Amino acid sequence: MRWGEIIKRLVLIPPTLAGVGVIVFVLLRIVPGDPIAMMIPPGASAADIDRLRALYGLDRSIPEQFVSWFGHVLSGDFGRSISLRQSVSELILARLPATLELALVATLIAIALGLAVALTGVYFRGRRLEWAVDGGIGVFLAIPDFLWALILLLSFGVLIPLLPTSGRIDPQIDVSFRTNFYLFESLLRGRIDVVGALLSHMLLPAIALALPFAALIARLLKASLSEAEDQDYAQIARARGFARPAILLREVFPNALIPTIALGGVQITLLLGGTVLVERIFSYEGIGNMAIDAVINRDFPLIQGLILTFAVLFIALNLAVDVVVTLLDPRLRHG
Amino acid sequence: MVSRGLSRRTLLQFAGAASLPLSSGLFAGAARADASTLTIAYNVNLPSFDPTVGLSAVNPTIQSIYQSIFDPYIAQAPDLSFKPGLLTKWGWNDDKTKVMLEVCQGAKWHDGTPVTPEDVVWSLTRAADAKGGNPIQFVWSKVGNYKIDGNKITGDVIEFEPTLFKWMAFLTGYVLPKAYFEKVGAEGFEKAPVGSGPYKVDAFERNAFLRLKAHPGYWGPKPAFETVVFKFVTDSTSRVAEVESGGSDVTFEIPYEEFDRLKAKPGLIGQTEPVSDIAMIFITDIDPMLDRNVRLAANHAIDKKAIVDRLLKGYGVPISTLEAPGYAAFDPSTKVAYDPELAKSLLAKSGYSPEKPVKFTIQTTRGFKPKDYEMIQAIVGMWRKVGIEANIEVYEIAQHFELRARHALAPAAFYNWGNAIGDPSTSTGFAMFGPSPHCAWKGKDLVERIGPLWGEKDEAKRIAGWKAVDKYIAEEGEVIPLFQYVQPIIHKKGLKLVPQANGMILPQLITPA
């Protein structure tokens, strides 16, 4: 991808988000489930119900509601949550850092595991260990993240209770954070005890999210490594007497990395999507957990705000992957 | 070279960092063992702190938290009876044109200021304001023009509401601090709520936990635990893990199979208590339910005891009306027997048989209540044997509310109905009175029978009237009551927990054994 194409992608972001906004807004109002019906008091009359509907602006036509909502969104106001009665923007900004930190730790775990497994598999090419690695990758790919969450919850929360199974931080710990990026802030402030507490809560959900992603990275990287190792430059290096580990790490690995990032990088969006169920299972206070409550309560403004947030994240991640690949691959930079 | 870059010291540093989460986990375990802290794995999140407005104000499941922080006007005993709270006396005058309230003396808000009769009047007036957002405003607006004399309050009855004082113990019936609320506003109150209840808010992480500290100025008995933590663990598997791993001291609303397993474990105790929540099937007054024979057959064909025994492992109490045992209008003499032969003969009168069944749709949730879908599958199987072929349609709870409000439910629709004040107006009344937006049977027969009971001033006559209505509904088969739910509670040994019939888990009533 050339830089010109990246600029074109940047230009397309606002219309893409507007399209997402329209689809979400209309879909929410078409699918069954009415937030007002959920809050009708027992003795309410038809007039009471109409008043309630008007209070939340749901008495107007869908186009009128959309124009009003979108106008506010353009000025950064996502409206007020029906169920939580607070600004949607504030609610999302307060919880988003928890999800971002969790996704980042999960991604780091996945990369570390994926690299280790792929390199092991390639190093032992054609031997029994490679079959074991391939089988393991298949198993880890087949089990979804939420199932890993339950397995880990029961294994390390109940059978061998090493790690906490709920929340983001221990309720007994008294820390006043200035930002909602608890992990980064604790690291910057040198509060190793708090970092430990945060990581202990984050580890199980992060591993649950990381395992399928690690398997994907391992499969892609192993295939790329195998292909690259068969290339002439690798064979020549071997013929010149270089040790195989050195060839794999110094010559083959950098070339195999580019297709892995290009294909695997976009899969981070799947990992982000997985936070919805995994955060729920571990009662982790991110936007994924919040999204489930918002859907149950048919909290239209909050659902709209959350989906737009996820859309922004997905677009940003895809773009970041393209930029990284372009930077790494001179063929793409120079056409 | 890798070997040069990775010194022994570096390796040790990495190892230390890697073990940090584990050591922290062990430390967390030690912290949990703190005897002055009670940790409850709670089944729902807390959306809002104001217990009088919005959606959360009418969510019965959240009331345990509200009642830990705020005082209701009138307190409720574990058996649903009423007892003095912030109000020490309450009642009507002889002709029921006035209410008379007496406010407890010596109560303090969490900020140390005294609770005054002005606070009580302000709370009642705010609740009655049509623009204030109180969902039970239709009750509170029936009294007004309050006058204060010392610690006594009188108010004029605008429209007689027999359940007024019962509502004072439940949904939105909380006293809030006038001066503080006016000073900080609704937004400020959400950020730093102040109540007069046994616990005050110490820390709140949305969707994660709420930490409370004992209120030193509390007017009632001092709570046994200095710190209470409500962990919001909405997934039942995770709640089981919480209590099994020792992360929490108490949990509830878990699958009955897990309850039986956990209570057999050393170190854990299981308690069950029937609560004021029932399972029922709404019948909508559309074809084929307009046929009395079909409705009655649908009722008589269900073996409720078998459902409770086999699907709910015995944790449920079969019921024949919408009044469960313990409710004010419960009448054990009204019974709807399991009689499949009677069901067959009723259907035969309308020309139906197992070979030529009557067909309709039944809607149900799946996973919203324990074994809901499986229960409806079992019921459909029982119906099939007598000549009813029901098609199951699964819906979300939000869809149920929407369809019910539009009077668009299927001929049969599964739901659960809570009634924490145990009054017939809030069970049979709202579920079966045609003009109520929550009613599926809009028949005039019930409107005529229920209508006069709303304003009945003679309590004995009122309760007798509701019993008669319930008997009539049973005879006409206009709803299918199934059973009263039983709440499973698991807690650590060494704790004494008093189960509440309204289903609340109140930390102030949990003590060391």
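B:Asn145 is found in strand β6 of chain B, which covers residues 143–149; helices (H or I, at least four residues) and strands (E, at least two) are DSSP runs, numbered from the N terminus. The model is a predicted one, so local features need pLDDT of at least 70 and side-chain atom pairs count only at pLDDT 80 or more, while totals for chains, interfaces and linings use all residues. Residues are numbered from 1 along each chain as its sequence is written, and chains are lettered from A and ligands numbered from 1 in the order in which they are written.

Phi of B:Asn145 is near 50°, a positive value in a residue other than glycine. Most residues other than glycine have a negative phi, and most peptide bonds are trans. B:Asn145 is exposed, with 11 other C-beta atoms within 10 Å. The labels work like this: a residue is buried if 20 or more other C-beta atoms lie within 10 Å of its own, exposed if 12 or fewer, and partly exposed in between, with C-beta atoms placed from the backbone. B:Lys313 is not a glycine either, yet its phi is positive at about 55°. This lysine, B:Lys313, sits in the loop between α11 (304–311) and β13 (316–318) of chain B, and it is partly exposed, with 17 other C-beta atoms within 10 Å. There is also a cis peptide bond, joining B:Asp287 and B:Pro288, with omega about 0°. B:Pro288 belongs to the loop between β12 (268–283) and α10 (292–300) of chain B.

Next comes helix α12 (residues 340–349) of chain B. Its buried residues are B:Ala343, B:Leu346 and B:Leu347. They sit on the same side of α12(B) because they cover an arc of only 95° around the axis, the arc being that of the directions from the helix axis to the C-beta atoms. An α-helix has 3.6 residues a turn, so residues three or four places apart point the same way. What do the buried residues of α12(B) pack against? Their partners are α10, β14 (358–364) and α13 (372–386) of chain B; here, two residues are in contact if their C-beta atoms, placed from the backbone, lie within 7 Å. After α12(B) comes B:Gly351, with a positive phi near 85°.

β14(B) pairs in the parallel sense with strand β15 (residues 388–394) of chain B, over seven bridges; strands pair if DSSP finds at least two bridges between them. Within this pairing, B:Val358 stands opposite B:Ile388 in β15(B).

Chain A is built from 14 helices and zero strands. Its C-alpha trace spans about 85 × 55 × 40 Å along the principal axes. Of the 335 residues in chain A, 42% are buried. Among contacts in chain A with a separation of 6 or more, 73% come from residues 24 or more positions apart. The contact takes 15 residues from domain 1 of chain A and 16 residues from domain 2 of chain A. On the domain 1 side, nine residues are nonpolar, three polar and three charged. For these classes, Ala, Val, Leu, Ile, Met, Phe, Trp, Tyr, Cys and Pro count as nonpolar, Asp, Glu, Lys and Arg as charged, and the others, Gly among them, as polar.

Finally, the two chains meet. The contact takes 50 residues from chain B and 50 residues from chain A. α2(B) gives the largest share of the chain B side, eight residues. By class, the side of chain B that touches chain A has 22 nonpolar, 18 polar and 10 charged residues. A:Ser283 touches residues of chain B, including B:Ala208, B:Lys231, B:Phe232 and B:Ser238. A:Ser283 lies in the loop between α11 (268–281) and α12 (287–296) of chain A. Is A:Ser283 buried or exposed? With 28 C-beta neighbours inside 10 Å, A:Ser283 counts as buried. The C-alpha atoms of A:Ser283 and A:Thr165 are separated by 8.0 Å, although the residues are 118 apart along the chain.
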